[in-house]
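Please look over the sequence and the structure shown here before reading on.

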Amino acid sequence: MAIQIRKTGLQIETTLIEGGKAAAVPLKLFSAFVVVKNPWAGRGFVEDLKPEIHAGAPVLGELLTKMIIDAVGSGDAVEAYGKAAVVGLDGEIEHASALIHTLRFGNFYRHAVGAKSYLAFCNTRGPANAPIMIPLMDKNDEGRRSHYLTIQTSIPDAPAADEIVVALGASVGGRPHHRIGDRYQDLKDLGQDVANPAGV
């Protein structure tokens, strides 16, 4: 079954002043979304989600990655990245998860930006105009706290009860005036091994 796309959208946010102080380098946040018909809606409990994942996730991954890269200008310019999905009220959280938690979706973005870190993520359920939260982290360094960011947006008419919103996010730059250090200094201060932060 081919994925049914109702609409797409792109948002660009530029922060020039934070905390009353001008940013030395403005922070630019990009988000791209697609609203699709939930391929499992109205079918009761579906045990095997793979056919629809294999049919839909690559299409969405390729489309959203292109939207982000076209907006930013290049994959190299992307510093932090993330993904999110919001399933409508008639769907399961598993349906939202299914379309984004697969390499058939994420590898398009990961390869386009040359990333080493895993894609930060959020998967939720909600009505039309529900918050879409896209957590971001540095594409190559998960301990770089300056790039712990969250894009928040919403779509007035989505998701409908039988839809899923799928989104990607990116930043060019980190938080203006970031000053909380990084996790490596914390580990050093605590006498813990940077290579084994959980101490296991």
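This is a predicted model: local features need pLDDT of at least 70, side-chain atom pairs count only at pLDDT 80 or more; totals for chains, interfaces and linings use all residues.

Residues are numbered from 1 along each chain as its sequence is written, and side-chain values use heavy atoms, with hydrogens and water left out. Helices (H or I, at least four residues) and strands (E, at least two) are DSSP runs that are numbered from the N terminus.

**Helix 1 and helix 3**

- Two packed helices are described by the angle between their axes and the distance between the axes.
- Helix 1 and helix 3 pack at an angle of about 25°, and their axes lie 6 Å apart; the axes are lines fitted to C-alpha atoms, for helices over the stretch in contact, and the angles run from 0 to 180 degrees between N-to-C directions.
- Helix 1 and helix 3 are therefore roughly parallel to each other, given that angles under 35 degrees count as roughly parallel, over 145 as roughly antiparallel, 65 to 115 as roughly perpendicular and the rest as oblique.
- The crossing of helix 1 and helix 3 is right-handed, a term used if the near helix is turned clockwise from the far one by less than a right angle, whereas anticlockwise is left-handed.
- On the side of helix 1, the residues that meet helix 3 include His54, Ala57, Leu60, Leu64 and Ile68, and among their counterparts in helix 3 are Arg104, Phe105, Phe108 and Tyr109; contact means heavy atoms within 4.5 Å.
- By class, the contact of helix 1 with helix 3 has 11 nonpolar, three polar and two charged residues, where Ala, Val, Leu, Ile, Met, Phe, Trp, Tyr, Cys and Pro count as nonpolar, Asp, Glu, Lys and Arg as charged, and the others, Gly among them, as polar.

- Helix 2, which spans residues 93-100, is mostly covered, with six of its eight residues buried; buried means under 20% relative accessible area, exposed over 50%, and partly exposed in between (1.4 Å probe, protein chains only).
- The buried residues of helix 2 are His95, Ala96, Ser97, Ala98, Leu99 and Ile100.
- These buried residues pack against strand 2 (21-37), helix 1 (50-72), strand 3 (80-87), helix 3 (103-113), strand 4 (120-125) and strand 7.

**Strands and selected residues in them**

- Strand 1 (residues 5-18) pairs with strand 2 in the antiparallel sense over 12 bridges, and two strands are said to pair if DSSP finds at least two bridges between them.
- Thr14 has Lys28 in strand 2 as its bridge partner, and in the hairpin of strand 1 and strand 2, with two residues between the strands, Gly19 takes a positive phi near 65°.
- Ser31 is found in strand 2 and counts as buried because its relative accessibility is 5%; leaving aside neighbours within four places in sequence, Ser31 has contacts that include Gly9, Ile68, Ile134 and Leu168.
- Gln152 belongs to strand 6 (residues 149-153) and counts as exposed at 52% relative accessibility.
- Gln152 and Met133 are 19 residues apart in sequence, yet their C-alpha atoms are 4.7 Å apart in space.

**Backbone details in the loops**

- Most residues other than glycine have a negative phi, and most peptide bonds are trans.
- The peptide bond from Ala158 to Pro159 is cis, with omega near 0°, and Pro159 is placed in the loop between strand 6 and strand 7.
- Asn129, in the loop between strand 4 and strand 5 (132-138), has a positive phi of about 75° although it is not a glycine, and Asn129 is partly exposed with a relative accessible area of 42%.
- His177, in the loop between strand 7 and helix 4, has a positive phi near 65° and is a residue other than glycine; with a relative accessible area of 23%, His177 is partly exposed.

**The segment after helix 4**

- Val194 lies in the segment after helix 4 (183-189) and is partly exposed, with a relative accessible area of 41%.
- Val194 touches Tyr184 and Leu187, not counting residues up to four places away in sequence, and the C-alpha atoms of Val194 and Tyr184, 10 residues apart along the chain, are separated by 6.3 Å.
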